[in-house]
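Here is a short note for a colleague who is opening this structure for the first time. Please keep the 3D view open while reading the points below.

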Amino acid sequence: MIILAIETSCDDTCVAIVQAKGQKRPRFKILSNIVSSQTEIHKKYGGVYPSLAKREHQKNLPLVLERALKKAKRPKIDVIAITVGPGLDPCLWTGINFAKDLAKKWGLPIIPVNHIEAHILINFIDKTQSFPAVCLVVSGGHTQLILMRDIGEYKILGETRDDAAGECFDKVARILGLGYPGGPIIAKLASQCKSQALNIKLPRPMIGQKNYDFSFSGLKTAVLYKHKNKKYVKEMCREIQQAIIDVLIKKTIKAAKDHRVKTIILGGGVSANKELKKQFKSKWEHNLLVPIKEFSTDNAVMIGIAGYFGKPKDWQKIKADANLRIC
Ligand code: KG4
Ligand code: ZN
């Protein structure tokens with residue numbers, strides 16, 4: 001089966017062509033994977049500007065599709081997979097309308113895909129599925145702990161009550177005047193911090209609580225108050241990164257132990273963070289699935305994989321849902 005996958009939920013225009021073989025233990029081959037980033041455009045706003053992102057998707061989609069088809073040597077497509085939510089409403093609709101036009105033109109079925117589920121399922125591109133699992137999805141829009149009993153069987157154990165972890169990285173970077181997106185910039189500066197003991201101490205919000213929820217907006221406020229001495233920018237970056245990592249790891253491992261789960265699955269842009277991966281590996285002795293960097297952040301390969309595990313739907317019933325939940 002050859003899947004054409006499209007992802008436009010935020011600021012990246014992504015098209016991939018994925019070949020899937022075998023039913024029980026599918027093997028995937030990436031025929032093409034194109035990501036057209038809008039980062040340069042949104043940089044000056046310090047975040048994604050939805051109407052601008054929509055316009056860019058409209059402009060980029062035909063070009064990105066052509067590049068993906070050419071790279072894959074124009075195979076015969078069997079099905080189209082498209083992100084329907086969660087995400088920015090105008091951006092989602094742009095991708096959906098584009099997918100519907102293609103489906104009509106080529107006479108193909110469409111499979112709607114949940115973006116959060118795709119961030120989880122990308123881990124099965126080259127690894128054996130192992131259930132039950134606790135999934136931590138950490139992106140610019142979401143921070144959720146999900147109990148996964150099987151593909152399609154999810155229970156949300158906890159989530160952020162305010163800002164997502166990626167959003168926290170982005171907002172702090174804005175406060176520190178470092179640029180956008182904040183995660184990779186803060187991670188780089190943190191790695192350059194050579195001080196042994198830090199002069200700055202930030203809170204670890206909700207770390208000792210019994211629930212699996214998160215709260216990151218207080219961290220941003222703490223940075224705002226403590227950011228007086230610009231000399232300590234690298235220290236601040238290491239401390240903010242460590243504060244986020246401490247909370248994410250503590251809560252995820254607690255969720256896994258409480259539910260007697262041996263597999264932890266990471267996904268979403270923040271899972272590209274090297275320190276987070278390193279510290280997770282040193283603290284979790286069982287099975288840990290983490291995507292490669294290219295598949296942590298938004299891409300269409302993950303939409304293709306999730307599409308393979310999904311079902312086609314009447315194209316007239318396919319619509320965007322900005323607040324779509326995984327269960
Ligand atoms: O999954 P993603 O590409 O888009 C959404 O679905 O939101 O995640 C983007 C988020 C941004 O907030 C970005 O700052 C963060 O992922 N991010 C990182 C790193 N790379 C991207 N955060 C921490 N460390 C990184 N290396
Ligand atoms: Zn994402």
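1. Start at proline 132. Proline 132 sits in the loop between helix 4 and strand 6 (133-138). Helices (H or I, at least four residues) and strands (E, at least two) are DSSP runs, numbered from the N terminus. The bond joining phenylalanine 131 and proline 132 is a cis peptide bond, with omega about 0 degrees.

2. A word on the source. This is a predicted model, in which local features need pLDDT of at least 70, side-chain atom pairs count only at pLDDT 80 or more, and totals for chains, interfaces and linings use all residues. Residues are numbered from 1 along each chain as its sequence is written, chains are lettered from A and ligands numbered from 1 in the order in which they are written, and side-chain values use heavy atoms, with hydrogens and water left out.

3. Next, another cis bond. The peptide bond from glycine 85 to proline 86 is cis, with omega near -10 degrees. Proline 86 has its place in the loop between strand 4 (79-85) and helix 3 (89-106). Most peptide bonds are trans, and most residues other than glycine have a negative phi.

4. Now positive phi. Methionine 206 is not a glycine, yet its phi is positive, about 65 degrees. Methionine 206 lies in the loop between helix 6 and helix 7. Methionine 206 is buried, because its relative accessible area is 13%. Buried means under 20% relative accessible area, exposed over 50%, and partly exposed in between (1.4 Å probe, protein chains only). Arginine 260, also not a glycine, has a positive phi of about 50 degrees. Arginine 260 is in the loop between helix 8 (233-258) and strand 9 (263-267). Arginine 260 is exposed, with a relative accessible area of 73%.

5. Histidine 115 and histidine 119 both lie in helix 4, four residues apart, about one turn of the helix. Histidine 115 counts as buried at 6% relative accessibility. Histidine 119 counts as buried at 0%.

6. Ligand 1. Its surroundings comprise 19 residues, and the closest are Gly140, Asp170, Gly183, Gly269 and Asp298. Here a residue is near if one of its heavy atoms lies within 4 Å. Domain 1 (2-122 + 296-317) and domain 2 (131-261) both give residues to the shell, so ligand 1 lies between them. The domain bounds come from an automatic or database domain assignment. Helix 4 (115-121), helix 5 (165-175) and helix 6 (182-191) each supply at least two shell residues.

7. Atoms facing ligand 1. A polar side-chain atom of histidine 115 lies 3.2 Å from an oxygen atom of ligand 1. A polar backbone atom of glycine 183 is 3.0 Å from an oxygen atom of ligand 1. For aspartate 298, a backbone N or O atom lies 2.9 Å from an oxygen atom of ligand 1.

8. Last, helix 11 (residues 301-309). Eight of its nine residues are buried. Among them are Val301, Met302 and Tyr308.

Definitions and conventions. Polar contact = N/O pair within 3.5 Å; in protein donor to acceptor, adjacent residues only side chain to side chain.
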